[in-house]
Amino acid sequence: MAWYTILFNLFKPKMDWGYFEDKPFEKEGKLYKYFGVHFYRKILVWIGWEKMYRQKNPMKANLTTLRARDYNTKESEFGHLIIAMIVFAFTVWFTKSLDEAKWLIITNLFLNIYPIIVQRYNRPRYSRVIGYRLRHHLIL
């Protein structure tokens, strides 16, 4: 993940690709709730990840912070997606059986796929708040 962070910070892409646009089924997050996004988020709180993130990136009720959070969801999701694809490729190419691949699949699920789901769940929420603030001229 370190190489990704270095490259990402070096190039700072806009992340305005269609892939990151909120899909209609994501608006309410029902699918992600079904897959256990809230349980996974509770795990992040329990292990201290959420506290560490909030200390590093405190939440402020202004448009700049909300846009930064929105961008951070894209950055995080893209990084986890790249790593998930690499792990998946290694799983397919270098394991001989499903038994051998189980630990890679489970690890990839919890360390990459669920973080992607969390970002896809959070982004429409940030988009709604940003849109509301812009529509009502609440640019604090």
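E77 and R123 form a salt bridge in this predicted model, with the closest N and O atoms 2.3 Å apart. A salt bridge is defined here as a side-chain nitrogen of Lys or Arg within 4 Å of a carboxyl oxygen of Asp or Glu. The pair links distant parts of the chain: E77 sits in helix α5 and R123 in helix α6, 46 residues apart. Both E77 and R123 are buried. Buried means under 20% relative accessible area, exposed over 50%, and partly exposed in between (1.4 Å probe, protein chains only). Accessible areas come from the Shrake-Rupley method with a 1.4 Å probe; for residues, only the protein chains shown count as cover.

The model is predicted: local features need pLDDT of at least 70, side-chain atom pairs count only at pLDDT 80 or more, and totals for chains, interfaces and linings use all residues. Residues are numbered from 1 along each chain as its sequence is written, and side-chain values use heavy atoms, with hydrogens and water left out.

A further salt bridge joins the side chains of R120 and E26, at 2.5 Å from N to O. This pair also spans distant parts of the chain, with R120 in helix α6 and E26 in the loop between α1 and α2 (30-34), 94 residues apart. R120 is buried, at a relative accessible area of 9%. E26 is buried as well, at 2% relative accessibility. E26, E77, R120 and R123 are linked in a network of salt bridges. Side chains of opposite charge can pair when their charged atoms come close.

The structure holds six salt bridges. One of them pairs D99 with K102, the closest N and O atoms being 3.0 Å apart. D99 and K102 are three residues apart in helix α6, so about one helical turn separates them. D99 counts as exposed because its relative accessibility is 59%. K102 is at 41%, and therefore counts as partly exposed.

Two residues of the α1-α2 loop were examined. Y19 lies in the loop between α1 and α2. At 34% relative accessibility, Y19 is partly exposed. Leaving aside neighbours within four places in sequence, Y19 is in contact with E77, L81 and R120. Contact means heavy atoms within 4.5 Å. Of these partners, E77 and R120 belong to the salt-bridge network. Y19 and N9 are 10 residues apart in sequence and 20 Å apart in space, C-alpha to C-alpha. M15 lies in the loop between α1 and α2 too. Its phi is near 60°, a positive value in a residue other than glycine. M15 is buried, at 0% relative accessibility.

N108 is found in helix α6, which covers residues 98-135. The residue is buried, with a relative accessible area of 10%. Not counting residues up to four places away in sequence, N108 touches I83, A84, V87, F88 and I113.

The largest pocket has a volume of about 1,200 Å³. Of the 34 residues that line this pocket, W49, Y53, N72, S76 and Q119 are the closest to its centre. Two or more lining residues come from each of α1 (2-11), α3 (37-46), α4 (49-56), α5 (63-94) and α6. Helix α6 gives the most, with nine residues. The lining divides into 17 nonpolar, 10 polar and seven charged residues. Ala, Val, Leu, Ile, Met, Phe, Trp, Tyr, Cys and Pro count as nonpolar, Asp, Glu, Lys and Arg as charged, and the others, Gly among them, as polar. A pocket is an open set of points on a 1 Å grid over the protein atoms alone, where a 1.4 Å probe fits, with protein on both sides within 12 Å along at least five of seven lines; lining residues have an atom within 4 Å of a point. Grid points are joined across faces, edges and corners, and a volume is the space filled by probe spheres set on the points.

Overall, the secondary structure comes to six helices and zero strands. Helices (H or I, at least four residues) and strands (E, at least two) are DSSP runs, numbered from the N terminus. The C-alpha atoms fill a box of roughly 60 × 35 × 30 Å, taken along the principal axes. Of the 140 residues, 34% count as buried. Residues 24 or more positions apart account for 79% of the contacts with a separation of 6 or more. The protein exposes about 9,900 Å², and carbon and sulfur atoms supply 68% of it.
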